[in-house]
Amino acid sequence: MTEKVGVYICHCGSNIAGVVDVEEVAKWAGESLEGVTVSREYKFMCSSLGQELIEDDIKNEGLTRVVVAACSPHLHEKTFRRACANAGLNPYLCQMASIREQVSWVVEDKELATEKAKAMIAGAVNRVQLHEELEPSLVPVNPNTLVVGGGIAGIQASLELADAGYPVYLVEREPSIGGHMAQFDKTFPTLDCAACILTPKMSDVGAHPNINLLSYSEVEEVSGYVGNFSVRIKKKAKYVDEEKCTGCGICIEKCPKKVIDDVFEAGMGYRKSIYRPFPQAVPNIPVIDTESCTYFERGKCKACQIFCPTEAIDFEQQDSYLDVDVGNIILATGYDLFDCKAMPQYGYGRLANVFTSLEFERMCNASGPTEGKIVLRDGVTEPESVLIVHCVGSRDENHNRYCSAICCMSALKFGHLVVEKTNAEVTSCYIDMRTNQKGYEEFYERLLEEGMNFIRGKVAEVTDAARFPGEEDKLIVQVEDTLLGIQRRIPVDMVVLMAALEPRADAREVGLQFGIACSMEGWFTERHPKLDPVATMTDGIFIAGVAQGPKDIPAVVAQGAAAAARVQGMITKGTVEIEPVVATINEEMCSGCRICNTLCPFNAIEYLEDKEVSYINSVLCKGCGTCVAACPAQAISGAHFSNEQIFAEIEGLLYDVISGNGAKAPQVEREPIPA
Amino acid sequence: MMKEYAYFPGCSLEQIGLSYHQSSIETTKKLGVELKELEDWNCCGATTYFHVDELLAYALCARNLAMAEKDGLDLVAPCSACYKNSYFTNKYLKEDPDLAEHINYALEEDNLSFSGQIEVKHLIEVFVHDVGFDEIRNNVSKPLEGLRVAPYYGCQILRPKKDDEDVEQAEYFEELLSAIGAEPIPYPLKLKCCGGSLLISNRIAALSMVRNLLQNAEENGAAVIATACPMCQVNLECYQQQVNQEFGTRFSVPVVYFTQLMGLALGIPGKKLGIGKEIVAATPLAPYAT
C-alpha cells in the first residue's frame, strides 16, 4: 500500500482522554500501523484549530487518507469531511473511529478502553486505505410541500410556507382542520378562548391561494426522495360536491338521523349523519357518514338531497385519488387520547360521573354538548365537588412511562373553570406538579389562591362503595396523601381523569409509509433530540407537534414554524446533494433473478425488461447494503462498503488476535458460566 | 358422557372447609361430572411458600400436576389459593423450558415428570365453562327464588388474567347464581381481597377489610354471601364476631359456598351439603333446605 494516512485522536475534553490513554494510542498508531505517516492527539479535533491541523497536514505532509478517532460519525463526520475537502482531499477518503460512544462512554476499565480504541483505529486505518473518491450528485428541489395533519401544528407550518409564497398541500383525515385544539374551551395559562385564536388561522388556511386543502383525505402512497417525492392522496367520498356546496347547512338541519359524535364531541354529544364537526369548520363542506346514513342503510330518505338548494348532494360519488409532486413533507399527525377504560380502578365507563379530560373539555366549551355548563352525566345537576386525577396512563409502568407534559396545566385550567362556573369545591390529586413554562407557575399560584385543593398522591381507586356517613351516592376517591402520610377517602360528585397523550394508533404504519422511525412508545423520532428536533433521519421528511412527543400548544406552534423554516431553507437553496454512498449492479454479472427488487426497503431497484437485468436508481438508494448482501451472484457492490473495505476493517479490528502480529488480546476476566 | 377431572381438594377442604368438599362432590355428581381425587396430593404451598423458596414451591405444585397428567386428566381445585398456585405453575412450566427442566429433575425422585399436557381449572370454571348454564338450569329442581346472594369472587380466581377476561368486572358468578334461580345482588366490592392471611400479621387491618366487605354486601341487600374459596369463607364468617366487637357493628351475614347453594337448587338434601355447620346460622337458606 502506498497511501499516506494521518491519524487524529480527539481528547473531547475529558470525555475520551479521561478513560483512554490518548498519548499512548497516538504513539502506538504512528509506530505500529502500516501506512500511517502522521499520528496526533488534540484536545478538541472538531474545533477550528483541530480542523486546521488536518488541513495543514494534508497540504504539507501530502496525506492521502485521514482517520479521525473521536465521537460518532453522526455528530462530526461532516465536519471532518469538509476539512479534508477544504485541503483538496476528496471527503470520502476520511474515516472516523467512534472511540467516545463505543469506547470511553461504555468501557470502564482504562486499560481495556485503551486497547479497544487501538483496535477501532486499526480497523479504520486498514479500511480507509481502500476508500475510493466519491462525488455527490445534485438534484433539484420541488418547491411544493405536503403537510400531513391539519391540527395547529400542520396549520402553522402550512401558513408559514404559504405566506412565504410556496405551494402547500394540506391533507387532513377528518372533515375539518383544527385538530384537538378546536375541541378545547380555554387555553392555559392566559385563558384565551381556543376557538378565538384558532379559527382565524383556520380560515386563513381555507382562503389562502397557496394552500390546497384536502380535507377528509389520507395519504395513500409515497415514493421518491428528498426534493422529489410523488404522493398519492385518497380523497374519501364526501357525497357532497365541493364545487356546488355553499356550506349553507340546510342539509344538516333536514337530516333526520342523529348519532353520537365519538370524535369531535368525545361521545358527549350528537351529530347528524350528514355533518361538519363544528360550526366554524374549514372547509365548511359537510360529509355524509355512510355507516349511519339512512339512505346508505336502507336506500331511502335523501332528505339532504331534496332540500339542498344547489344540488350538491351526490350519492354516487366515489373515493378519488390525487397524485402530487412535492419536494418536502411535514408530518404533523398529532395524538390519540389514552383509553381510560384500561385503568378499571378509576371506573370510567362504569361509574357515570367519571369523565375523561376531553369530555370535560367539551363540557366546558360554550358550543359543546352542555353549552358550557359543568354538570353531571344526567345533564342537569351541578356538582358540589369535583376531583381531578392526574397522570392517568402517564408516568405509570403499566401503561406509559413518560410524562404527558400538558395535563398538570390542563388540570389547573379545569380547576379554574370549576371555580368560575360553579360553586363546587375542586381538588387535584397529583404526583408532581409540573408547571415549568412561561407564565405557568404563576397560574399555579393563582389557582392556589382561588381555593383549589391540592393533594399529593396518585389516586388508588374511584369507587361507589360507600362506607361512612356522607359517602352515600358519591364517588369515593381513595388516595394516599403523601405529604401528610395518611390514607384519605374523599367523597365527590364528579371525577375528571387527566388522560395521557398517546401516539396515534397507526403511527408506526405512517412512519413506515414515510420511511421514518418511531420511538419505543411510537412517537416519531427526530434526527437529534436537542439540535435537530423537527428533521428526521430521512432527508426531506420533517415532523412537528405532538406526533413527535407530548407538548403544549406554544411548543407545537413553534415546531410547526420550525419545520416550515427548514423546508423553506431547502426550497430556497434549490438543489440538494445526494450521498454517493450507494449500491450499483454490475450488469454483466446480474442474472436477472430479481431477488434484490423486492428486498430493497426504499424501492430503489427496478427490473429492466429489455436488458433482463436489475437497475438501482442511485437517487433513491440509501446505501443500506441489503441488496449487496442478498445478491446470489455477488453482482451488486456498495460504494464505501465493498467487501474488501469491510474485510480490511475487520482485520484491523482483530489486529491483536491475528497470529504473527506479536500482540495479544487483553484477557477479560469473566465470571465462570454456571454449569 | 361423564366428564372426569383430577380433583385436588387441598388442605382446607379436609377440615375447616369440609362442607365445601362435600357439596363439591355432591353437585358435580348430580351434573355428570366425576371428581377423581388425586391419590397422594400435597399442599400447594399456600400464600407463603412462594415467598420462601420459589423453585421448591414450583416443585410442590408441579408434583400434583404431574400426577394429574399421568392420569390424563385436567386438574380441578375448589380452593382459590390452590387453584392460583397450580394455575400459574402450569402456565410457567409450559412457557419456560428452563424451569420445566429444573422441576422435572426434582420430580424424577418421585418417578414423575410433567410435560405440560393438562389444564388447571377452578371448580367454578368447571360449572361455568364445561358444564354450562343451560345444563345447570335444566337440572335445577328447587330454584332458589327470592334468595338475594352476594357473589363474592375474592381476589385470586381471576388472576392471573386469562385472554379476554374482564378481571375488574367479572359477571360469571352472577350468571351462575341466576341459573340456579337465586338473585345475585350487585355490590362494588365483589372482587376485593378478604385479607387472606393478613389476620395473622395485622389483625386490625385485616378485620377492617372484612368489615368493608360485609358492610358493602349487607347495604346492597344480601341475605347471604356466596364464596368460592375456603380462605374467604373463614375470614368473612369466623371473624364476623371479632369485627362486631372491634368496630361496634352488628353483622350477621351467613357466608356459604356456592356449591352449597347449587346443591340445594339441584335438590340435594342440606345435610349432604354440610349445611347446618355454620357459625353464622344460614337461616335464609331454611326455606330451600327441606
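Why is helix H11 (residues 230-238) of chain B largely enclosed by the rest of the structure? Seven of the nine residues of this helix are buried, so H11(B) is largely enclosed; a residue is called buried if 20 or more other C-beta atoms, placed from the backbone, lie within 10 Å of its own. The buried positions are Pro230(B), Met231(B), Cys232(B), Gln233(B), Asn235(B), Leu236(B) and Glu237(B). Helices (H or I, at least four residues) and strands (E, at least two) are DSSP runs numbered from the N terminus.

The model is predicted, and local features need pLDDT of at least 70, side-chain atom pairs count only at pLDDT 80 or more, and totals for chains, interfaces and linings use all residues. Residues are numbered from 1 along each chain as its sequence is written, while chains are lettered from A and ligands numbered from 1 in the order in which they are written.

In chain B, four strands form an open sheet with parallel pairing in the order S6-S5-S7-S8, where pairing requires that DSSP finds at least two bridges between two strands. Strands S6 (183-184) and S8 (255-257) of chain B stand at the edges with a single partner strand each, so one side of each lacks a neighbour in the sheet. Strand S5 (residues 148-152) of chain B pairs with S6(B) over two bridges, and Arg148(B) stands opposite Glu183(B) in S6(B).

In chain A, an open sheet of three strands, ordered S24-S25-S26, shows antiparallel pairing. Strands S24 (459-463) and S26 (486-492) of chain A are at its edges, each with a single partner strand. S24(A) pairs with strand S25 (residues 475-481) of chain A over four bridges, with Val459(A) opposite Val479(A).

Conventions
Buried ≥ 20, exposed ≤ 12 C-beta atoms within 10 Å, placed from the backbone.
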